[in-house]
Structure formats: structure tokens, C-alpha cells
Amino acid sequence: MSRVVKIQIPVVILGFTGALMATNFFLNVKIIGDISAQLQIWSAIVAAISLGLATFNLSRQHFSRIFKGNIYSISLIGSLILFPLLYIITGSTYSSQYSWIYNNFVGTMYPAMYGLVGFAMASACYRSFRVRNIDSFLVCFLAVILFLGKVPIGAALTPAANWLMDVLNTGGYRGVTLGVGIGLLAYCLRLLLGIERAWLSELKER
Amino acid sequence: MSIVEKLLRLDKRYVEAVLIIAIAIPFYIPMTLPLDISPETMEGFHFLESLPKGSVVQITYDYTTGAMAELQPSANAMVQYSMKRGLKLIMLTTWDSGPMVIEMSLRDVNAYGKMKYGEDFVNLGYIGPYGTGTVPAFAKDIHEMIKVDWYGNKLEDLPMMKNIRTAKDIGLIFHLTTGGGFTDWLYFVQAIYGTPMYSAAVASQASMAMPFLKTGQLVGVNNGLRGAAEFELLTGTYGFGQGGMISQSFANVWLVIAMILGNVLYFASKSRRVKE
């Protein structure tokens, strides 16, 4: 494929749409607003299509795994078939059968998975959180303040816990947010101006 | 092997078993603990109280069942409070498993029995994935972006939706999140259309929301389960939040005891080895 098709046309499309969206953000021009609204709807549709594509790719991968003897992939393929099948049979994603399977399988597996983190944490508190140096002392000390200060039983420590969250944590997060924002701005400018080309397929193939 | 060594090598399942007991006690022995209201929840509640009757509140369920323990109490309290105040509700999600969470929430508070669908509340379901053009497109023109609600009814046929065309027609976005989707609503809706936004985030993500409360971009923050419990107290509703907070209190106390006990045994064992 020629360089024009593989590099120049995608860069021009990206630059044009990016500039259009940026203009729409700063200026209130009806025609630009209408075009950008349409483009946003397109992007939602493209994202939905990409989900379908990803599902197809995932199924292909796991089908080949099943043939290689990996029985655990059956659960994924089974769910991928079961839910659309239920939709086809019942005609909705809020039917009692669909809801029953979701609530009793997916609905309980997610909380169980997250709940296990609590047990890992309890085990870590007893066996791993050792005060070996000043750094580990700080971690344990702050953990105690937050563990107790954020629940009613440790109300006396709540002001200290709030101070940690409001001052240290918020300050740190602001720094990260600003850093990411500036970095993102620079990256977007590089994309719009065609300087950043790592996303182009031809360059990836090299 | 000394008793200290034995305790240090204690099977982790004993530690975990005590955690289960600590969490379960409040379910079987009813009790209450005093709960101070955090400023971030109080600010949000004051804003809610200032909303006139008939205002439109959009509840965005951007989470899966994994975060239900922390977020569902906030969501249910918000729906119940809206019923009490006569606020109109739009429910939606940008998470693919969100529609089921919405259904659970609606059933928990018996919304279908207490409110009239299409007039008091509307369930738009999954509007598309966050992190794409979905949220900006929705905010710009709801009817252009979504033609039917989650049950297949045409949006034009729902009386409540006739006057709700853009994000400007929404009085408050109550956003429940485990992280994903938060910045979409904040950057592309609150920042552009000025729609007030209230965040209810899991405790690990509440730190992400807190800076925006101080800048005035958020009107309130419910910080995890504690925030939900406070919200229930303020709104005069009762759900899992307050009960769950007592369980969490006991669990956290056990975590602190386990940490202290582990360290005491570690130092006892160390000093014993030095002596030997």
C-alpha cells in the first residue's frame, strides 16, 4: 500500500477531526457544533463495533485453546453463547431468565472476587506488615490512622484521617492530574500536527 | 518450637476466620454507632435540598456488582430521597453490566410500585462505553443520541423526556463510580454545560474526586460506604450503608489488632533469637 494511503490520509483525517473538535470546544459556531455532534455519535458507534470485533477475536482465541485441551476456556465461550441466546429466546435483556442468570452468577462472582481482597489484606496485616525501618513504620502508622479514622468506632482519629486525605492525598493527586493533563495536551498537539506517528500501522510493522 | 514461633507461623485461615466473624457480628446482633457527617457529604446534601421540586436528577450507575456493597446504598438512598422530594430521575450507565445494577436498585426500593414510569423516572440503560464520544454526544443532544429507552420505548413517547433535550435540562448528575466514566462526565458535561455534579465513589477512588470538590466542580462527594451511610442518615432513608459501616468498623479494628499482634510477635521472636 502506498505511503499516501497508509500515512498521509490518516494523518490528515486525524488533524482535521481533531482541529474541528477543538474549535467546537472553544467557539460556538452552529455548523461546527452539528458536525462535531455527528462525529461524536459516530465514535460511539465505532466503539460499539470495536466491542463486537474484540468479542469475535476473544472467541477465536479461546476456541483454539479449547481444542488444545484448556477446559477453562469453555466457561468463557459458554457465557458468550448463553447470554445472546437468552436474548434471542426471551427477546429482552431484562427478562426474568436473563436477570436470574446474571444476578446469580455474574452478580455474585464479582463481589466474591473483590471480597477476597479483604481476606488477603487481613493475612497481610498479620504476616507481612512488619516495622523493619522508618518507611515501613510510616506505612503501618498511617494505615492504622486510616483504618480506624474512617469508621465510626475510631471517631477520635477521624480529624487526622481527614487531614491525611484532604491535604496529603489531595495534594498528591492534584500534582498527578496536572502532570497527566499537561502530558496529554502535548501528546494531542503532537498527534494533531502529525509529529506523533506511532499509532500508524506501517510504522508498527517495521 | 516456642509459642511465639508457633503464633508467627499461624495458619492464615485463622486470621481470616476472625475477619468473617467480625464482619458477621453486626448482622446478627443489632447495634448502632455514632456517625459524624463528613463535610463533603454535607455539602452535597445542602445542594440537594436546594433543588426545587420537579428538578431532573440523572443517576449514572458506572459500576458493576463488584462495587455494589459500597455504591448501591448511595444509589438506593438517592432514588428514595428523589421519590420523597418529587425529583424526576433519569437512570443510565456507560458500563456494559450497569443495566443489571440499575434493575437491582429499582427493585430494592420498589421504584415501579412507588413512581410512574415515563413521568417520574426513566431508565435509559447502557448508552455506550465511556472514554469515547458517547458522553459528549449524549450531553449535546439526548434525543439524537438515544432513540429508545432500555425497554424499547421511544424517547419521544415518554412525557418526562419531552422537555429534556440536552445536559442543560438536567438539574444534577449523581455519578456513582469505581473510576471509569468519572472524567467523561466531569470534563465533557459539567465543564461545558455547567450541569452540577455529585460524585459517589468507592473509597479507593474518592481521592480522585476530592480535588474537584474543592475547586467547586463537584457539589458533593459520598466517600465509599461511609459516605453512603452518612447520606442515608441525612436523607432519612435506611439501607445497607449504616449496617455495613458497623461491619466495616469491626473488620478494620481486627485488621489493626492483627497488624499490632503480628509486629509484637515478630519483635519478641527477634529478641529471643538475639539472646540465643
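1. How many residues of chain B are in contact with chain A, and with how many residues of chain A? In this predicted model, 58 residues of chain B are in contact with 53 residues of chain A. The area buried between the two chains is about 4900 Å², and carbon and sulfur atoms give 68% of that area. On the chain B side, Met100(B), Leu255(B) and Met259(B) lose the most area to chain A, and together they account for 13% of what that side buries.

2. As to polar interactions across the interface of chain B and chain A, the rule finds 0 salt bridges, whereas 10 residue pairs are found in polar contact, counting pairs with both residues at pLDDT 80 or more. Several helices of chain B give two or more residues to the side that touches chain A, including helix H1 (3-8), helix H2 (12-28), helix H9 (182-193) and helix H12 (240-275). H12(B) gives the most, with 15 residues. The residues of this side of chain B divide into 34 nonpolar, 15 polar and 9 charged.

3. Leaving aside residues up to four places away in sequence, Asn76(B) touches Ser105(B), Asp108(B) and Val109(B). With Asp108(B) there is also a polar contact from side chain to side chain, at 3.1 Å.

4. Asn110(B) is found in the loop between helix H5 (98-108) and helix H6 (111-114) of chain B. The phi of Asn110(B) is near 55 degrees, which is a positive value in a residue other than glycine. With a relative accessible area of 42%, Asn110(B) is partly exposed.

5. Over all chains, the count of disulfides comes to 0 by the rule applied here. Why is Cys125(A) in no disulfide? The nearest cysteine sulfur, that of Cys140(A), is 8.2 Å away, and a disulfide is not assigned because the two sulfur atoms would have to be within 2.5 Å. For Cys140(A), likewise in no disulfide, the nearest cysteine sulfur is that of Cys125(A). Cys125(A) is buried, with a relative accessible area of 0%, and Cys140(A) counts as buried at 7% relative accessibility.

Technical notes
Residues numbered from 1 in each chain as written. Chains lettered and ligands numbered in written order. Predicted model: local features only at pLDDT ≥ 70, side-chain atom pairs only at ≥ 80, totals over all residues. Heavy atoms only, no water. Helix = DSSP H or I, 4+ residues; strand = E, 2+ residues; numbered from the N terminus. Buried < 20%, exposed > 50% of the residue type's maximum accessible area, 1.4 Å probe, protein only. Contact = heavy atoms within 4.5 Å. Buried area = accessible area lost by both parts, 1.4 Å probe. Salt bridge = Lys/Arg side-chain N within 4 Å of Asp/Glu carboxyl O. Polar contact = N/O pair within 3.5 Å; in protein donor to acceptor, adjacent residues only side chain to side chain. Nonpolar A, V, L, I, M, F, W, Y, C, P; charged D, E, K, R; others polar.
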